Amino acid sequence: MKKVSIVVINYNGYKDLTDCLSSLGQINSPDYEIIIIDNGSTDDSVDLIRSDFPMFKLIALPKNYGHSYACNVAFREAQGDYVLLMDYDTIVGEEWIAPLLETMECEKNVGICVSRAIFYPAKEKIHSDGGWPNYVGNMTLKNGFALVSKSECKVEEIGAAGTTSMLVDKRKALEVGGFDEDYFVYLNDFEFSMRMRLAGYSCFSNPKSIIYHKGGNPDVSYRGEGKYPPLRAFYIFRNRWLTIFKLYSIKTIIGCLPALLIYEIAIISMAFIRGLFLTYMKALLSALRNLPQVYRKRKIVQAMRKISDSELLTAYPLSF
């Protein structure tokens with residue numbers, strides 16, 4: 001059995017960490033290590049980890065360098081052949097790891113396998129079973145917000161994944177360059193999984209592996225109620241365009257341009273209605289400033305391409 005490194009990425013998650021790390025102490029896996037990477041938290045997270053969970057390895061970063069940076073630290077520091085990235089606002093069950101490992105070992109050329117994320121505490125609705133990249137640059141969730149009782153539970157190849165609970169082949173991740181640190185947070189896991197697929201590595205979902213997902217950080221998380229966080233909006237607006245510019249072929253961008261423009265009008269309208277138009281403009285300017293760097297990265301990505309955009313992208317209905 002290959003060694004697994006479980007890595008919790010934390011930022012100001014004090015109120016959720018005890019539940020998360022306590023559940024990790026009960027998992028059933030033959031060979032694993034547990035690492036917590038604290039991304040410069042300003043709450044009492046680090047003190048809590050040191051006092052209550054000294055058995056876990058703690059990497060305390062001096063400031064918040066972003067989720068992508070923390071994931072790359074995980075790839076560098078982990079001793080395992082597989083790295084299981086997970087959010088701090090989660091709770092896992094005893095058989096959480098085994099189904100992911102089974103898929104990684106049994107399916108062909110897998111680079112990523114994700115768990116079924118279920119909303120906590122009700123445990124009635126699925127957050128997602130991963131999903132697929134829509135050609136407009138956003139993700140279509142598999143079983144997003146569906147009832148657990150009415151959703152089938154089968155292993156399936158998917159097109160994109162999130163880091164709520166993502167098992168990654170470390171060698172393959174390093175081969176494609178890890179996470180793009182210019183993304184900071186949001187859509188960085190989406191882009192990473194798409195880039196893994198472009199390099200020829202498949203992405204799977206195994207809903208037999210279950211993780212329960214709480215509400216996240218109120219500064220950036222959104223569950224359909226209240227004011228939409230401007231910081232979240234900024235990175236989603238900006239990083240969507242970075243992904244399109246970097247990963248799509250020129251032919252695809254030209255062919256999808258009418259649909260992209262229509263979708264952009266819808267985005268601008270939504271931003272205006274929600275008081276986020278200034279945030280949208282800042283995100284657009286940031287994307288334009290990043291174009292020279294994106295172009296340099298684009299050349300590297302396109303050179304390692306193993307599949308076409310018709311295999312990479314879908315026209316499945318979007319998840320709003």
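Student: How many of the 12 residues of strand β12 (residues 202-213) are buried?

Tutor: This is a predicted model, in which local features need pLDDT of at least 70, side-chain atom pairs count only at pLDDT 80 or more, and totals for chains, interfaces and linings use all residues. Residues are numbered from 1 along each chain as its sequence is written, and side-chain values use heavy atoms, with hydrogens and water left out. Strands (E, at least two residues) and helices (H or I, at least four) are DSSP runs numbered from the N terminus, while buried means under 20% relative accessible area, exposed over 50% and partly exposed in between (1.4 Å probe, protein chains only). Strand β12 is mostly covered, and its buried residues number nine.

Student: In which direction, parallel or antiparallel, does strand β10 run relative to β12?

Tutor: In β12, Cys203 stands opposite Ile158. Strand β10 (residues 156-158) is joined to β12 by three bridges, and the two run antiparallel.

Student: How far from the sulfur of Cys113 is the nearest cysteine sulfur?

Tutor: A disulfide is a pair of cysteine sulfur atoms within 2.5 Å, and the structure holds zero of them. Cys113 is buried, with a relative accessible area of 0%, and Cys203 is buried as well, at 1% relative accessibility. Cys113 is in no disulfide, and the nearest cysteine sulfur, that of Cys203, lies at 7.8 Å.

Student: At what angle do helix α7 and helix α9 pack?

Tutor: Axes are lines fitted to C-alpha atoms, for helices over the stretch in contact, and angles run from 0 to 180 degrees between N-to-C directions. Helix α7 covers residues 230-247 and helix α9 residues 277-289. Their axes are 8 Å apart, and the angle is about 35°.

Student: Is Ala78 buried or exposed?

Tutor: Ala78 lies in the loop between α3 (67-77) and β4 (82-87). Leaving aside residues up to four places away in sequence, Ala78 touches Ser5, Glu33, Ile35, Val83 and Lys170, where contact means heavy atoms within 4.5 Å. With a relative accessible area of 4%, Ala78 is buried.

Technical notes
Pairing = 2+ DSSP bridges.
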